[in-house]
Amino acid sequence: THSMDFDDTWHPATHPSGAVLPAVLALSDMMPASGKPSGLDFLLAFNVGIEIQGRLMRFSNEAHNIPKRFHPPTVVGPMGSAAACARLLSLDPSQCSHALAIAASLAGAPMANAATQCKPLHIGNASRLGLEATLLASRGLEASHLVLDAVAGVAGFNAFYEDYVPQPLDSPHDGHAFLLEEQDMGFKRFPAHLGMHWVADAAASAHKLLVGVGPGKVSPDQVQDILLRVPLSKYINRPFPESEHEARHSFQFNACSALLDGEVSVQSFTPAAMSRPELHALLSRVRLEHPHDNPANFNLMYGEIQVTLVGGDILRGHCDTFYGHWRNPLTNGSLRKKFRSNAEVVLPSEKVERLVEVVDKLDRLGDCKDLLSQLQ
């Protein structure tokens with residue numbers, strides 16, 4: 001789900017679906033043929049898993065910023081997976097509490113492993129460990145009911161977010177609404193860290209000034225200096241990325257790719273594209289600035305590029321809301337196009353189209369066997 005860094009990103013920052021959907025699919029597959037959940041029950045469990053992650057992140061101001069210590073899907077992801085699986089198994093309130101507490105003991109991974117092959121493992125583990133926590137709770141394993149509370153002098157969930165201040169959730173009977181009704185969600189146009197989309201759009205604007213709207217390449221011989229104004233975030237400041245994963249987490253790489261080609265795409269991260277001499281020539285001319293008005297926050301940040309040409313002319317590009325950001329969301333047509341493009345790499349086109357049909361009517365299916373059969 002996360003290996004291409006192409007999954008949904010929320011504000012506060014995490015990748016929620018990848019931690020929940022595989023667990024709900026796996027658990028549904030484990031259930032006997034006569035006891036598969038309905039499509040509505042499947043969606044409700046998914047929503048519960050999403051809800052828990054979002055609510056936990058709202059209990060911390062620190063969680064609203066690009067992370068420095070823990071990778072968020074490893075913190076709230078196991079909790080979301082556990083909550084979704086507990087709902088699907090209809091566990092009682094005490095078992096649900098134990099499932100979340102067990103999941104909290106299985107949570108957390110350091111940001112140092114971002115931009116490595118281990119980062120997508122974080123999402124896989126979040127999904128797996130949340131399911132495991134729920135199965136253990138269903139079999140009687142107990143844990144502290146206070147893990148999610150604020151207990152003075154004892155580290156619970158605030159071990160991950162130091163400013164964590166939990167609040168009770170409203171009862172569904174008191175007007176509670178799912179976060180999915182109001183959540184800030186970003187859907188990526190190309191497979192890279194969300195922060196890359198700002199600099200790529202800004203650089204694509206500069207590309208158009210150089211070559212026009214049509215196809216064309218920027219020559220490094222034209223460029224003397226490239227200045228990027230981006231937020232301060234060490235793990236996505238990678239001047240000369242050496243791997244596909246590092247490239248997906250490099251302001252410099254994504255800005256130069258967009259400046260060179262006019263866009264960033266799936267193909268931008270292939271070995272052939274990454275090894276181009278003209279790309280490396282542009283990378284050698286990049287420097288960064290971190291303006292005080294450009295925080296490491298997906299709701300407030302911007303990307304800016306200033307290209308100084310050999311003749312002295314200066315070109316600029318600026319982006320504060322890329323296409324795919326929650327303020328400028330992808331259309332349903334764009335989402336379907338993205339899904340088909342990715343799914344057809346591993347599934348025959350007829351199964352891809354059948355999946356689109358099944359998902360469209362999932363809330364009306366008596367059970368989710370049709371969905372599961374398309375994934376075999």
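# Helix packing and nonpolar cores in a predicted model

The largest nonpolar core holds 47 residues, and apart from it lies another core, of 25 residues.

**Helices H6 and H5**

- The buried residues of H6 are Lys119, Pro120, His122, Ile123, Ala126, Ser127, Leu129, Gly130, Leu131, Ala133, Thr134 and Ala137, and the elements that cover them include H1, helix H3 (72–75), helix H4 (77–88), helix H5 (93–105) and helix H8 (244–247).
- Just after H6, the backbone at Gly140 takes a positive phi of about 105°.
- H5, with 13 residues, reaches 19 Å from its first C-alpha to its last, which is close to the 18 Å expected at 1.5 Å a residue.
- Within H5, the buried residues are His98, Ala99, Leu100, Ala101, Ile102, Ala103 and Ala104, and their cover includes H2, H4 and H6.

**The crossing of H1 and H2**

- Helix H1 (residues 17–30) and helix H2 (residues 39–58) have axes that come within 9 Å and cross at roughly 150°, and the crossing in which H1 passes H2 is right-handed.
- On the H1 side the contact is made by Ser17, Ala19, Val20, Leu21, Val24, Leu25 and Ser28, while H2 contributes Phe42, Phe46, Gly49, Ile50 and Gln53.
- By residue type, this contact of H1 with H2 divides into 8 nonpolar, 4 polar and no charged residues.

- The C-alpha atoms of Ala19 and Ala272, which stand 253 residues apart along the chain, are separated by 32 Å.
- Ser28, also in helix H1, is buried, with a relative accessible area of 0%.
- Leaving aside neighbours within four places in sequence, Ser28 is in contact with Lys36, Pro37, Phe42, Leu88, Cys368 and Leu372.

**The nonpolar cores**

- In the largest nonpolar core, of 47 residues, those that touch the most other members are Ile226, Leu228, Leu259, Phe298, Ile305 and Val307.
- Helix H7 (196–211), strand E3 (223–229), helix H9 (251–261), helix H11 (277–283), strand E5 (303–309) and strand E6 (314–319) each supply at least two residues of this core, and H7 gives the most, with 8 residues.
- Ile226, with neighbours within four places in sequence left aside, is in contact with Cys256, Leu259, Leu282, Arg285, Val286, Arg287, Ile305 and Gln306.
- Leu259 has its place in helix H9 and counts as buried at 0% relative accessibility.
- With neighbours within four places in sequence again left aside, Leu259 is in contact with Ala203, Ala206, His207, Leu210, Val218, Ile226, Ile305 and Val307.
- The C-alpha atoms of Leu259 and Met57, 202 residues apart along the chain, are separated by 35 Å.

**Backbone features outside the helices**

- The peptide bond from His11 to Pro12 is cis, with omega near 0°, and Pro12 is found in the loop between strand E1 (9–11) and H1.
- Asp5, which is found in the segment before E1, has a positive phi of about 55° although it is not a glycine, and Asp5 is buried, with a relative accessible area of 2%.
- Ser90, placed in the loop between H4 and H5, likewise has a positive phi of about 55° without being a glycine, but at 58% relative accessibility Ser90 counts as exposed.

How values were computed: Residues are numbered from 1 along each chain as its sequence is written. This is a predicted model: local features need pLDDT of at least 70, side-chain atom pairs count only at pLDDT 80 or more; totals for chains, interfaces and linings use all residues. Side-chain values use heavy atoms; hydrogens and water are left out. Axes are lines fitted to C-alpha atoms, for helices over the stretch in contact, and angles run from 0 to 180 degrees between N-to-C directions. Helices (H or I, at least four residues) and strands (E, at least two) are DSSP runs, numbered from the N terminus. A crossing is left-handed if the near helix is turned anticlockwise from the far one by less than a right angle, and right-handed if clockwise. Contact means heavy atoms within 4.5 Å. Ala, Val, Leu, Ile, Met, Phe, Trp, Tyr, Cys and Pro count as nonpolar, Asp, Glu, Lys and Arg as charged, and the others, Gly among them, as polar. Buried means under 20% relative accessible area, exposed over 50%, partly exposed in between (1.4 Å probe, protein chains only). A nonpolar core is a set of buried Ala, Val, Leu, Ile, Met, Phe, Trp, Tyr and Cys residues joined through side-chain atoms within 4.5 Å. The expected span of a helix is 1.5 Å times one less than its number of residues.
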